Amino acid sequence: TTRRGRQRGREKQSKRIQMSRAFKYVILGGGVAAGYAALEFVRRRGDATAGELCIISEEAVAPYERPALSKGYLLPEGGARLPAFHTCAGANDQLLTEDWYKEHGIELMLGTKVVSADVRRKTLLTSSGEVISYTTLIVATGARVLKLEEFGGSGSDAENVCYLRNIVDADKLVRVMRSCPGGNAIVIGGGYIGMECAAALVANKIKVTIVFPGKHCMGRLFTPKLAEFYENYYTSKGVTFIKGTAVSSLEISSGKVTTAILRDGRRLPADMVVVGIGARANTALFEGQLAMDKGGIKVNGQMQASDASVYAVGDVAAFPVKLFAGEPRRFEHVDCARRTARHAVAAALGAVGDIDYLPFFYSRVFALSWRFYGDNAGEAVHFGDMDSAAASSTPKFGAFWVIAGRVAGAFLEGGSPEEYEAIAHAVRRRAAVPDVAQLAREGLAFVLRE
Ligand code: FAD
Ligand code: NAD
Ligand code: ISD
């Protein structure tokens, strides 16, 4: 190398050094888990947090309650808007605006993507070329949407095709929805996003057809019988279900989808398309560096990864669930993000016991609202009158899942706080079920007695 080459190398090196910063704690990701982790740091360390903690987020805004995006954010009028749903509003806790992070000396690096991570050196490289080093890293990178292209489809870039993961997606969805009042929406996927967005589209007076390959909606959680109730309810609101098939292609004209073509050749007119075909945990930065499991980063009961300086929380973490005999599980639900985040911070700051997590998922659509606790494995025992429930304005019904004579999971639509508490408690203590027929007959009364 020439002298000039060496000089340039030194300049580059010193620029790099200038662009390096070190923090004791770094949270990678700025979603739900990051917000709850930050609050936990401040609660536990008070002013000592100042200057020690950095959050790096690809998103342009401070951590917010992602669930609001498919619910309050999509209301036709008076929709939820930031700053009202920053974390930790969803847990009725403190609202952490950007100012809150400033006030507590927490470095919030927004609009900054981490492009590579070096676990051995304890460094992260950002899209702006900055090197951030850490003593302890909390990975909270969440999950990304699966794209049609990953299943051999196309059309994701069309002006009226919407995904929903972040606030930029939600703004596009609102824009597109408002551009076609009274129009036709094709919803691809009958999971959480498909069902919640379909309800929001109906509220916005858009005609909805949901298409998915499965036999019934919410295939990861619902039994066929539970699904039947919700499908009937949606149908009564004007939604059409096309099940057991898929959209094979989207016809595009002037940058917009005009028609969805099904595998069997059927052509559905489309003014807009919403795609909700699943998510993948954002693990790529750590593949080959940390142990993986269940599509996520494998952690122990302290939320600590195979490298002791790294913790993983939220959607990206596969952790042992005591209630399931320590089996590692990964959940893509907000309660898990909140609790694992708090637990990781407690663990990183000192000794805590291993996490003892009761899985909890929920959804709210139309005037309906359900909660689920535990595991949907084993024999499903339905309760409540699900047929007349459809006619009721306040339906109440559900299911227990029973494994080896004990309650393993419980689902309840339309419960009161006391009833939800009772089913959660039954799952938590794995209530004995001497007679499944009695459980079906008694339903909620069975757990309320305890
Ligand atoms: P996220 O909240 O997704 O946050 C991940 C963050 O990491 C994002 O800010 C992302 O930009 C950032 N990031 C990723 N990679 C990088 C990188 N390389 N560099 C910098 N930043 C990066 N769950 C429920 O239980 N109930 C609900 O009603 C519900 N509704 C939902 C509605 C929607 C529309 C969605 C998308 C999810 C919903 N969920 C719901 C799931 C719940 O929101 C997630 O489980 C939760 O957000 C997970 O939190 P997290 O912090 O792990 O990930
Ligand atoms: P999902 O896994 O819940 O549902 C995916 C749906 O897409 C299923 O109906 C599946 O049959 C269908 N599907 C799969 N491949 C398909 C294909 N090629 N063509 C058509 N359909 C296909 O995922 P989602 O609804 O996209 O949700 C994404 C993430 O957001 C998940 O992590 C979910 O947990 C989370 N989320 C949770 C909630 C909640 O807990 N209330 C609400 C919204 C989103
Ligand atoms: O958990 C949630 C949820 O379901 C929402 O809609 O948080 C949001 C809002 O309650 C936050 O304000």
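Me: Which residues are closest to ligand 1, and how many surround it?
Reply: Good place to start! In this predicted model, ligand 1 is surrounded by 35 residues, and the closest are G29, G31, A33, G142 and G314. The elements giving two or more residues to that shell are α2 (32-45), α7 (334-349) and β22 (360-365).

Me: How do the residues of the shell around ligand 1 divide into nonpolar, polar and charged?
Reply: There are 16 nonpolar, 11 polar and eight charged residues in the shell around ligand 1.

Me: Which residues are around ligand 3?
Reply: Look for E65, P67, A68, K71, G72, F85, A89, G90 and V334. Five of the residues in this shell are nonpolar, two are polar and two are charged.

Me: Let's turn to sheets. How do strands of a sheet pair?
Reply: They pair through backbone hydrogen bonds, and the strands can be parallel or antiparallel. For a parallel case here, find the open sheet of five strands ordered β8-β15-β9-β10-β11. Its edges are β8 (161-162) and β11 (240-243); each has a single partner strand, so one side of each has no neighbour in the sheet.

Me: What joins β8 to β15?
Reply: Two bridges join β8 to β15 (residues 272-275), and these strands run parallel. You can find the place by looking for V161, which stands opposite V273 in β15.

Me: Which strands does helix α5 lie across?
Reply: Helix α5 (residues 192-203) lies across β9 (184-188), β10 (207-212) and β15, and runs at about 165 degrees to β10.

Me: Which peptide bond involving P83 is cis, and where is P83 found?
Reply: Omega is the angle to read for a peptide bond. The bond from L82 to P83 is cis, with omega near 15 degrees, and P83 sits in the loop between β2 (53-56) and α3 (98-103). A cis bond also joins T87 and C88, where omega is about 10 degrees. C88 too has its place in the loop between β2 and α3.

Me: What about phi: what value does K205 have?
Reply: K205 has phi near 65 degrees, a positive value in a residue other than glycine. You will find K205 in the loop between α5 and β10. M303 is not a glycine either, and its phi is positive at about 65 degrees. M303 belongs to the loop between β18 (296-298) and β19 (310-312).

Me: Is K205 buried or exposed, and is M303 buried or exposed?
Reply: Count the C-beta neighbours inside 10 Å. K205 has 12, so K205 counts as exposed. M303 has 29, so M303 counts as buried.

Key: Residues numbered from 1 in each chain as written. Chains lettered and ligands numbered in written order. Predicted model: local features only at pLDDT ≥ 70, side-chain atom pairs only at ≥ 80, totals over all residues. Near = placed C-beta within 6 Å. Helix = DSSP H or I, 4+ residues; strand = E, 2+ residues; numbered from the N terminus. Nonpolar A, V, L, I, M, F, W, Y, C, P; charged D, E, K, R; others polar. Pairing = 2+ DSSP bridges. Contact = placed C-beta atoms within 7 Å. Axes fitted to C-alpha atoms, helices over the stretch in contact; angles between N-to-C directions. Buried ≥ 20, exposed ≤ 12 C-beta atoms within 10 Å, placed from the backbone.
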